[in-house]
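Please open the model in your viewer and keep the selection tool at hand.

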Amino acid sequence: MSSLGSVLLEHYEAFRKRLRRRLGSDDLALDALQETWLRVERMGGAQPQRNPVAYLFRMAVNAASDQRSAHARVLTGAEVEALMEEGTDHLDPATVTFGRAEMSALTDALSELPARQRAILIAARVEHRPIEAIAAEHGVSARMIGKDLKKALQHCAARLDRPLVQRFGPGAGKPS
């Protein structure tokens, strides 16, 4: 056992009381001490030069802070259920009708594209495949795939009466 581990065991109850006061919960204090123990064990024989008690307490407070941050990023079961129940109930009929019309217009625009441009657009934007892989599949250069993709996007944007925003290259982020 490392010397820091020995100090932690020796002052365990004092750490627990201080952490309980600081964190407001005995469970949080115990979790922080458990994580501190694991961190000390991973450190091996390393020991701070000065005040190991203060060092260990700070380590426990940091462990508790890390645990709070990790728990803050995770949705609770009730939050997940609320999101799932929300579903599409909040959509009004006008929004649903507009969305269906947009999908129909996009389907029409895609059907008007040459087969290769349609395949390239779907591979690049729906399947998120790399341009190089698409080029190899079609037996053309990546530059040619980029040109076909741009033509397909321009066609769809025009049919949907939407601005085409360039995502890469000179002028990226600006409507073209």
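Select Asp161 to begin. At 70% relative accessibility, Asp161 counts as exposed, where exposed means over 50% relative accessible area, buried means under 20%, and partly exposed lies in between (1.4 Å probe, protein chains only). Asp161 is found in the segment after H9; helices (H or I, at least four residues) and strands (E, at least two) are DSSP runs, numbered from the N terminus. The phi of Asp161 is near 55°, a positive value in a residue other than glycine. Most residues other than glycine have a negative phi.

This is a predicted model, in which local features need pLDDT of at least 70 and side-chain atom pairs count only at pLDDT 80 or more, whereas totals for chains, interfaces and linings use all residues. Residues are numbered from 1 along each chain as its sequence is written, and side-chain values use heavy atoms, with hydrogens and water left out.

Select His128 next. His128 lies in the loop between H7 and helix H8 (131-138). His128 is not a glycine, yet its phi is positive, at about 55°. With a relative accessibility of 64%, His128 counts as exposed.

**The whole chain**

Now display the entire chain as a cartoon. How many helices and strands does the secondary structure of the chain come to? The chain has nine helices and zero strands, and from the N terminus on its elements run α-α-α-α-α-α-α-α-α. Buried residues make up 23% of the 176 residues in the chain. Among contacts (heavy atoms within 4.5 Å) between residues at least 6 apart in sequence, 56% join residues at least 24 apart.

Select residues 3-10, which form helix H1. Leu4, Gly5, Val7 and Leu8 are buried in this helix. These residues cover an arc of only 160° around the axis, which puts them on the same side of H1; the arc is that of the directions from the helix axis to the C-beta atoms.

Proceed to residues 12-23, the twelve residues of helix H2. At 1.5 Å a residue, H2 should span 16 Å, and its end C-alpha atoms are 16 Å apart, which agrees. The expected span of a helix is 1.5 Å times one less than its number of residues. Within H2, Phe15, Leu19 and Leu23 are buried. They cover an arc of only 45° around the axis, and are therefore on the same side of H2. Select Gly24 to see what follows H2: this glycine has a positive phi, near 80°.

Select residues 26-43, the 18 residues of helix H3. Which residues of H3 are buried? They are Ala29, Ala32, Leu33, Glu35, Thr36 and Val40. Their arc around the axis is only 165°, which puts them on the same side of H3. Turn to the face of H3 directed away from its buried side, and you will find the exposed residues Asp27 and Arg42.

Then select Gly45, in the loop between H3 and helix H4 (52-72). Gly45 is exposed, with a relative accessible area of 67%. The C-alpha atoms of Gly45 and Leu4 are separated by 7.9 Å, although these residues are 41 residues apart along the chain.

**Where H7 meets H9**

Finally, show helix H7 (residues 115-126) together with H9; they pack at an angle of about 95°, with their axes 9 Å apart. Axes are lines fitted to C-alpha atoms, for helices over the stretch in contact, and angles run from 0 to 180 degrees between N-to-C directions. H7 and H9 are therefore roughly perpendicular to each other, a description that applies from 65 to 115 degrees (under 35 is roughly parallel, over 145 roughly antiparallel, and the rest oblique).

Select Gln117 in helix H7. Gln117 is buried, with a relative accessible area of 13%. Leaving aside neighbours within four places in sequence, Gln117 is in contact with Asp148, Lys151 and Ala152.

End at Lys147, in helix H9 (residues 142-159). Lys147 counts as partly exposed, at 43% relative accessibility. Lys147 and Gln117 are 30 residues apart along the chain, and their C-alpha atoms are separated by 9.4 Å.
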